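Here is a short briefing on one protein model. It is grouped by topic.

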Amino acid sequence: MKVVTMGEIMLRLMTPDFLRIEQADAFNAIYDGDEAIVAVSLARFGMEACYLTKLPQNALGDTCMKRLRAQGVDTRYIASGPGRLGINFYETGASVRPPRVIYDRADSAFANAQPEDFDFDGIFKDAAWFHFAGITPALSEQTAGLTVLAVEAAKRNGVTVSCDLNYRRKLWPPEKARAFMMPLMKRVDVCIGNEEDAELMLGLKPGGTDVVKGRLDIGGYKTMFREMKEIYGFSHIGCTLRESHSASDNGWSVLCYDGREFCQSPHYEIRLVDRGGGGASFAAGFIYGLTNHFPLQETADFAGAASALKHTVYGGFNLVSLEEVVELAKGDASGRVQR
């Protein structure tokens with residue numbers, strides 16, 4: 001089964017050893033991006049994963065291609081051209097000091113991509129699933145247009161469409177995000193996100209929840225999911241439930257809904273190695289469970305385990321195997337040495 005994802009892979013320059021940016025004389029180079037993380041995860045799980053983006057014609061673009069191919073991702077439809085690679089400066093947080101992000105993504109090769117860079121109908125003719133994130137249309141007017149064209153082509157070709165809402169306030173204001181995303185979501189089958197994404201992009205929020213204070217009301221999420229189903233007709237909705245005890249320790253679980261049943265994964269208490277990519281790794285696990293026709297509870301358990309494991313892996317990609325995810329999903333969270 002072929003899954004297509006589309007978005008920007010970029011260079012994340014991450015401060016080492018919990019340094020602040022003003023202290024750093026060097027940065028660790030990581031290549032990631034939400035839709036790239038989804039593609040890599042699915043490829044590692046044994047699925048056919050095809051990634052769409054546009055890369056600059058330089059050594060950074062070449063490195064992105066090599067990193068994706070090394071993980072088994074189909075890169076044949078990736079475009080290339082003049083421009084630059086987007087950059088994300090990431091200051092690692094610790095304890096009560098949160099991580100901070102500085103974007104340097106304007107005028108990247110992907111931000112300036114054109115419709116003629118991708119033959120969407122040709123790409124989707126043998127695909128079963130298309131996935132994108134709300135970050136993609138936020139990058140530029142060009143990528144917003146590409147997102148619409150891709151969704152329209154996917155629907156013409158009978159392809160299931162999923163969207164990870166993924167609101168980024170440094171890329172666009174809520175009013176602009178809602179004006180673009182709310183009409184488009186009528187064409188989306190599977191909606192993924194968290195409570196902040198739903199509020200800022202769709203104007204819906206779970207009652208009784210305050211993520212800053214670590215207070216989650218599952219009943220409020222259930223009511224919000226029913227509203228989302230009624231308004232947009234989603235077949236499935238998935239949500240991450242992050243309890244931010246600090247920048248170093250989080251509680252984690254996920255909630256899935258199929259219009260009839262609500263299923264929550266086991267709860268994990270995680271000492272963070274790298275929180276980047278946790279949501280995208282959930283999206284990959286959710287897609288894997290749905291495309292393989294898992295029961296909804298098994299899908300939630302698998303997606304929750306996959307995303308929990310990502311928090312323990314340094315770097316952009318979720319470098320875990322299918323067997324490791326299944327083992328954790330079945331309840332072995334002991335962390336005992338495997339030998």
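Arg-275 counts as partly exposed, because its relative accessibility is 33%; buried means under 20% relative accessible area, exposed over 50%, and partly exposed in between (1.4 Å probe, protein chains only). The model is predicted: local features need pLDDT of at least 70, side-chain atom pairs count only at pLDDT 80 or more, and totals for chains, interfaces and linings use all residues. Residues are numbered from 1 along each chain as its sequence is written, and side-chain values use heavy atoms, with hydrogens and water left out.

**Arg-275 and His-311**

- Arg-275 sits in the loop between strand S15 (268-271) and helix H9 (278-291). Helices (H or I, at least four residues) and strands (E, at least two) are DSSP runs, numbered from the N terminus.
- Leaving aside neighbours within four places in sequence, Arg-275 contacts Tyr-90, Pro-99, Arg-242 and His-311. Contact means heavy atoms within 4.5 Å.
- Arg-275 and Cys-191 are separated by 84 residues in sequence and by 21 Å in space, C-alpha to C-alpha.
- His-311 occupies the loop between helix H10 (296-310) and helix H11 (322-329). His-311 is buried because its relative accessible area is 1%.
- The His-311 side chain reaches the backbone oxygen of Ser-307 at 2.7 Å.
- Not counting residues up to four places away in sequence, His-311 touches a set including Arg-242, Trp-252, Ile-270, Asp-274 and Arg-275.

**Glu-8**

- Glu-8 is in the loop between strand S1 (2-6) and strand S2 (10-14). Glu-8 is buried because its relative accessible area is 4%.
- The side chains of Glu-8 and Arg-105 form a polar contact of 3.0 Å. A polar contact is a pair of N or O atoms within 3.5 Å; within protein, one must be able to donate a hydrogen and the other to accept it, and residues adjacent in sequence count only if both atoms are side-chain atoms.
- A polar contact of 2.5 Å links the side chains of Glu-8 and Ser-108.
- Residues touching Glu-8, not counting those up to four places away in sequence, include Asp-32, Glu-35, Tyr-51, Phe-110 and Leu-139.
- Between Glu-8 and Pro-295 there are 287 residues in sequence and 32 Å in space, C-alpha to C-alpha.

**Ser-162**

- Ser-162 belongs to strand S10 (residues 160-164). Ser-162 counts as buried because its relative accessibility is 0%.
- Its side chain makes a polar contact of 2.7 Å with the side chain of His-131.
- Leaving aside neighbours within four places in sequence, Ser-162 is in contact with Trp-129, Phe-130, His-131, Phe-132, Val-188, Val-190 and Ile-287.

**Nonpolar cores**

- The largest nonpolar core has 56 residues, and Ile-9, Leu-42, Tyr-51, Leu-68, Phe-286 and Val-325 touch the most other members. A nonpolar core is a set of buried Ala, Val, Leu, Ile, Met, Phe, Trp, Tyr and Cys residues joined through side-chain atoms within 4.5 Å.
- A second, separate core of 53 residues includes Phe-118, Phe-130, Leu-139 and Ala-177.
- Ile-9 contacts, among others, Tyr-31, Tyr-51, Leu-55, Leu-68 and Phe-317, leaving aside neighbours within four places in sequence.

**Helix packing**

- The axes of helix H5 (residues 141-156) and helix H6 (residues 174-184) come within 11 Å and cross at roughly 10 degrees. H5 is therefore roughly parallel to H6.
- Axes are lines fitted to C-alpha atoms, for helices over the stretch in contact, and angles run from 0 to 180 degrees between N-to-C directions. Angles under 35 degrees count as roughly parallel, over 145 as roughly antiparallel, 65 to 115 as roughly perpendicular and the rest as oblique.
- Glu-141, Ala-144, Thr-147, Val-148 and Val-151 of H5 make the contact with Lys-176, Phe-180 and Leu-184 of H6.
- The axes of H10 and H11 come within 8 Å and cross at roughly 115 degrees. H10 is therefore roughly perpendicular to H11.
- Residues of H10 including Phe-302, Ala-305 and Leu-309 meet residues of H11 including Leu-322, Val-325 and Leu-328.

**Positive phi**

- Most residues other than glycine have a negative phi.
- Asp-107 is not a glycine, yet has a positive phi of about 60 degrees. Asp-107 lies in the loop between strand S8 (100-104) and helix H3 (120-124). Asp-107 counts as exposed because its relative accessibility is 55%.
- His-293 also has a positive phi, near 60 degrees. His-293 is in the loop between H9 and H10. His-293 is exposed, with a relative accessible area of 67%.
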